[in-house]
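Q: Hi, can we go through this one together? I'd like to start with the rings.

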Amino acid sequence: MVQFDTCAKAYIHIAVRSDGIAFWDAKTKNKRGCMRTLKDQRCRSGASVPAGVIAALFALSIQSPVRAQSDYDVTLNTSSLLGTGATLTFDFIAGGGTQSNSVSILDFSTDGTLVSGGVNSGSVSGSLPGTATLSNASFFNELQQGITLGSTISFQVDATTNAPTGGSLPDTFSLFLLDPTASYSLTNTTDPTGSDSLVTLQIDGTAGGNIAVYSGSSASIPVSVKAVSAPTSVPEIDSPTALSALTLLLGGLAVLRGRRFER
Amino acid sequence: MTLIKTALRCLQLFALAALVVASTVATAQAAGAPVTTSFSGLVYDRATQTFNSVLTITNNGPTLYAPFSIGIATGSSSVTVKGANNATSTLATLPNGSLLPNETATFVIAFADPTRATFVPTVTQVAGASAPAGLSVAVTSPKAGQTPAGPTFLVTGTLTAPRVAGASVDGVAACVVGSTFFVNAFTPQVSLTSFTAAANDVDGGQVTKTVAISLPSEGLQVVPSPACGGIAPLTTSLAVSLNTTDGDTITGLTVDFGAGAGAQLVSLSSPIQNTYATVGLYTVHLTATTALGATLTQSSMISVQTPAQAFAPILSNVSLLQSALSSHDVARALSYHTYTSRPRYAPLLTQTGINLPGLGTLLSTAQPVVLVGDYAEVIVTTPGTSPQSSSVVLVRDGGGIWRVDSW
């Protein structure tokens, strides 16, 4: 049993983050005006609420991640182009909705040599080999990095997973290996759009996004993509179950208040 | 009261949040043909300097053929659909020449965006023809307004088809030899004053020709067996009877089997048979005299083929099925099965891990075995050191098209 201080006032804290997602937590204010989260409550006296009810409330309310990170380790085997000058190009194209998404490139590593060259476009911050982030604040966002290719390039891609809104397209990340002037791809790939990308990640609202890897034909550039870990979730709530949970919670608290007045 | 106010405020906020969260990726219904469409995200194509998306279209209606058009609006005056006359009349080529019911096709749509403005494309219309271009049917006999030779009669005509096709008359499968089709001993199925011949594309498209007739009350009924003919040498039998309501009877019958021997008087008490040694399309002419003094004529057609000719339309279907399996197109593969067998094979062809191209490869080994009327069998053999064979059964449907029934 988890007991509540029946004298405490209950507050349901609702917030809408900058990305438009609502989340909530329940807090109580004790007689001294201190806010405590629900799980921290320990009652000194009075009525009680079964712990199972509390567990059920959270079970109802915590859904599969609405805002999650999809993290992938990407490795390019560039042995077939050893010593070739290239432009490693990361595109992030907004799908036109109001959703906010970003993609970060981190843990960049290569046995090639990074060289100057390449022009960034749109909303790009940071640079390689450090962490660089592309956001969908602009329509076309591109990070370019000149490189003399070694045998391998690896990095991690971390993307947010906010779904397209209002019938818009998914924000889409794509990876290219271009010539030093960034004019054409160094290999033709099986990319169904005909754009010769090596990897695409469509942020379609699913936990890991829709990632696809395309093999090169004219030059073999084996690409391996591995999910870093299960997408991490921020406990968030979906509206129908939240309303159910909220109703239960408020009902329970009302009963508690009723008992208090009866006394 | 504070609690109630808080609750109401909470409900408002949750409703707002629900609206935000509920918006998801678009799958849309376009005007025109009943289809579902969805765009992939955009990828920049440096060769064309366009932003490309894969448009996926699922057909929820009958088969669509070329000319196939897709209308797309970009919602931005600075964005156009590359390769189209304008943003609302994109012509697209269908990958398989048609888009079957429940089949999905993908198209790369390139958006030219000189200003790189944000845009949300929508499909405004998808349209296609109901039959393949070049599919046509014409009736040679009986001609419009003519009186056929009897209540049952021979229908002949011509069929042109750019793809695998069959012919039918009032839903009765016709025999097809080259560009000629015929139905022996045809009885109108829908109306006593007309019949409708149809050319049926293997993917479901159809063109028709309706012919007005004036049916007589009496005539010879001639039913050949096998109905269409067969592989040379072929012995065919004719079942001859008088179709009348006045009690008249046949008193004499001559038959010209069309093989050069001319008309011969035949006995009504013994089987009327002829063996055709060489391939060809033969027309049998019969003339009967009756007890009431009438002279009646009737015709039938007999097709005599080589095994290769006879099995060609059967193996064409097997080949289409093989191709569909090789390209993982289950909807198309199922369409090459009979209607009754599709529910049996749908779960098999969609089960996890099934090697569809492997099945296609197996079908590529098909060898003709049996052809009797509307029933055919081919044998497929697994490769390897200990090959195993199994039979594939095909039957001819009401549209005159061979389809796989079991394998």
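A: First, the rule: rings of Phe, Tyr and Trp (its six-membered ring) pair if their centres lie within 6.5 Å. Planes under 30 degrees apart count as stacked, over 60 as edge-to-face and the rest as tilted. Keep in mind that this is a predicted model.

Q: OK. How many aromatic pairs are there over all chains?

A: By that rule, the count over all chains is 16 aromatic pairs. One example is Phe186(B) with Phe195(B). Their centres are 5.8 Å apart, with 65° between the planes.

Q: So which label does the pair Phe186(B) and Phe195(B) get?

A: Edge-to-face. The angle is 65°, and over 60 counts as edge-to-face.

Q: Are Phe186(B) and Phe195(B) buried or exposed?

A: Both Phe186(B) and Phe195(B) are buried.

Q: Which residues do ring pairs link into a cluster?

A: From chain A, Phe139(A) and Phe140(A). From chain B, Phe39(B), Tyr44(B), Phe51(B), Phe111(B) and Phe119(B).

Q: New topic: charges. What lies over the face of Phe140(A)?

A: Arg116(B), at 4.2 Å from the ring centre.

Q: And what sits over the ring of Phe176(A)?

A: The charged end of Arg46(B), 4.6 Å from the ring's centre.

Q: Now chain A. How many helices and strands are there?

A: Chain A has 2 helices and 18 strands. It has 263 residues, and 46% of them are buried.

Q: What about the accessible surface of chain A?

A: About 11,200 Å². Carbon and sulfur atoms account for 54% of that.

Conventions. Residues are numbered from 1 along each chain as its sequence is written. Chains are lettered from A and ligands numbered from 1 in the order in which they are written. This is a predicted model: local features need pLDDT of at least 70, side-chain atom pairs count only at pLDDT 80 or more; totals for chains, interfaces and linings use all residues. Side-chain values use heavy atoms; hydrogens and water are left out. Buried means under 20% relative accessible area, exposed over 50%, partly exposed in between (1.4 Å probe, protein chains only). A charge sits over a ring if NZ of Lys or CZ of Arg is within 6 Å of the ring centre and within 35 degrees of the ring normal. Helices (H or I, at least four residues) and strands (E, at least two) are DSSP runs, numbered from the N terminus. Accessible areas come from the Shrake-Rupley method with a 1.4 Å probe; for residues, only the protein chains shown count as cover.
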